Amino acid sequence: QVQLAESGGGLVQAGGSLRLSCAASGSIFSINAMGWYRQAPGKERELVAGITSGSSTNYADSVKGRFTISRDNAKMAVYLQMNSLKPEDTAVYSCAADPHTIVVRPRYWGQGTQVTVSS
């Protein structure tokens, strides 16, 4: 089993920045892909950004150019640097990990951290 622990959410004004962190523990040798999903009230959960063990990345169109995902394989941690935040970025952000890909139904999930962007 793999456990994921997120940190770094909070309240920020529009245009500001936040950095989310997620640390994996447990059977981390099994992990290839890691990344972040978000879910806003009344909306479906969406993939924000993902990164593989080989550092291949993918981003939702809505965050390209503003968010940057990175990974520390030695620590088995993933980070999401969020710049130029907008009110529509407000959501619960959840870390995800999987032995293969997080694009479809990741196996492991964190508890989620709230990000609120005020206008």
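Val 104 lies in the loop that separates strand S9 (91–98) from strand S10 (108–109), in what is a predicted model. With a relative accessibility of 53%, Val 104 counts as exposed, because the cut-off for that class is over 50%. Between Val 104 and Glu 88 there are 23 Å in space, taken from C-alpha to C-alpha, while the two are 16 residues apart in sequence.

**Strands and sheet**

- The secondary structure of the chain consists of 11 strands and 0 helices, so that the order of elements from the N terminus on reads β-β-β-β-β-β-β-β-β-β-β.
- An open sheet is formed by 4 strands, which follow the order S1-S3-S8-S7 with antiparallel pairing.
- Strand S1 (2–7) and strand S7 (67–72) each have a single partner strand and stand at the edges, so one side of each is left without a neighbour in the sheet.
- From one strand to the next, the twist of this sheet averages 15 degrees.
- Strand S7 runs antiparallel to strand S8 (residues 77–82), and 6 bridges join the two; Thr 68 stands opposite Gln 81 in S8.

**Overall dimensions and packing**

- The radius of gyration of the chain is 13 Å, which agrees with the value near 14 Å that a compact globule of 119 residues would have.
- Along its principal axes, the C-alpha trace spans about 40 × 25 × 20 Å.
- Of the 119 residues in the chain, 44% are buried, and the chain exposes about 6100 Å², of which carbon and sulfur atoms supply 48%.
- Among contacts between residues at least 6 apart in sequence, 56% join residues at least 24 apart.

How values were computed
Residues numbered from 1 in each chain as written. Predicted model: local features only at pLDDT ≥ 70, side-chain atom pairs only at ≥ 80, totals over all residues. Heavy atoms only, no water. Pairing = 2+ DSSP bridges. Axes fitted to C-alpha atoms, helices over the stretch in contact; angles between N-to-C directions. Buried < 20%, exposed > 50% of the residue type's maximum accessible area, 1.4 Å probe, protein only. Rg over C-alpha atoms; globule rule 2.2 N^0.38 Å. Contact = heavy atoms within 4.5 Å. Areas by Shrake-Rupley, 256 points an atom, 1.4 Å probe, with all protein chains shown as cover.
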